[in-house]
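Colleague: I would like to learn how to read a few features of a structure. Could we go through them one by one?

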Amino acid sequence: MDIWEAAAVCAAGVGAGTINTIVGSGTLITFPVLLAVGLPPVTANVSNALGLVPGSISGAIGYRRELRGQRDRVLRLGTAALVGALAGAALLITLPSEAFDMIVPVLVALALVLVIAQPRLSRAIQRRRERTGDPAHPHGGPALLGGITLASMYGGYFGAAQGVVYLALMGLLIRDDLQRINAVKNILGAVVNGAAAVFFLFVADFDWTAVLLIAVGSAVGGQLGAHLGRKLPPTALRAVIVAVGVVAILQLVLD
């Protein structure tokens with residue numbers, strides 16, 4: 001890797017850390033760059049997962065104000081994310097990449113529909129609960145735990161646009177401010193990337209140069225993303241989520 005390729009990988013790390021903190025889908029920036037500089041696909045995927053861990057932690061720290069009062073929620077959902085991430089990382093080692101190629105664009109598209117429709121759907125769910133007398137679960141209940149586990153399984157396997165799926169699920173099943181939900185999303189991303197990274201350290205090949213370059217860039221990007229994302233009102237944040245999700249679908253389908 002020459003100096004210009006190294007600069008491109010580090011810059012991709014900054015972009016990925018920024019977009020991961022705001023929405024997710026930073027892998028769609030770093031993964032193609034790693035392939036372009038000559039890394040094999042599985043090595044690129046593993047190196048990317050390792051390198052993005054500092055960015056996820058940095059973004060979570062940047063959103064620490066919005067995390068206040070959410071410890072129980074983070075512990076519950078984080079446990080589900082950990083289980084899913086380890087399962088997904090194991091699948092990466094044992095299954096061909098084609099196994100997820102068809103379902104991932106559909107999953108992201110469904111998540112985007114939920115993000116767009118979330119305000120109306122949330123109001124409809126609330127009206128139904130008021131009629132039936134069922135209280136809203138503060139942590140989303142079993143449905144959210146199951147959804148987070150499956151989304152994290154995909155995240156441990158590849159991870160592109162997993163943040164969009166997290167935001168869609170939590171936005172629909174948790175009554176809370178979108179920025180607070182986004183803060184939890186960053187914790188879940190850190191859990192998934194960290195768990196997958198530890199798993200990969202023992203069973204997969206990776207490129208330390210690429211890992212270090214992405215780690216430095218993503219840590220910087222995590223702080224940038226927290227600063228920018230916090231300034232976005234809910235409508236603008238939802239628009240960014242949809243825009244990134246559409247780009248993700250196009251890239252996944254066309255590759």
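Colleague: How many aromatic pairs does the count come to?

Modeller: Bear in mind that this is a predicted model. The count comes to 1 aromatic pair. Phe206 and Trp208 form it, with ring centres 4.9 Å apart and 90° between the planes. Planes over 60 degrees apart count as edge-to-face, so this pair is edge-to-face.

Colleague: Is Phe206 buried, partly exposed or exposed, and why?

Modeller: Buried means under 20% relative accessible area, and exposed means over 50%. Phe206 has 22% relative accessibility, so it counts as partly exposed.

Colleague: Which residues is Thr43 in contact with, leaving aside its neighbours within four places in sequence?

Modeller: Thr43 is in contact with Phe206, and also with Asp205 and Asp207. Thr43 belongs to helix 3, residues 41–51. Its relative accessibility is 16%, so Thr43 counts as buried.

Colleague: Where does the charged end of Arg230 sit?

Modeller: That charged end sits over the ring of Tyr63, 5.3 Å from the ring's centre.

Colleague: How far apart are the end C-alpha atoms of helix 9?

Modeller: They are 17 Å apart. Helix 9 has 12 residues, 162–173, and at 1.5 Å a residue it should span 16 Å, so the two values agree.

Colleague: Which residues are buried in helix 9?

Modeller: In general, residues three or four places apart in an α-helix point the same way, because there are 3.6 residues a turn. In helix 9 the buried residues include Gln162, Tyr166, Met170 and Leu173. The count is 12 of the 12 residues, so helix 9 is largely enclosed by the rest of the structure.

Methods
Residues numbered from 1 in each chain as written. Predicted model: local features only at pLDDT ≥ 70, side-chain atom pairs only at ≥ 80, totals over all residues. Heavy atoms only, no water. Helix = DSSP H or I, 4+ residues; strand = E, 2+ residues; numbered from the N terminus. Expected span 1.5 Å × (residues − 1). Buried < 20%, exposed > 50% of the residue type's maximum accessible area, 1.4 Å probe, protein only. Contact = heavy atoms within 4.5 Å. Phe/Tyr/Trp six-rings, centres within 6.5 Å; stacked < 30°, edge-to-face > 60°. Lys NZ or Arg CZ within 6 Å of the ring centre and 35° of its normal.
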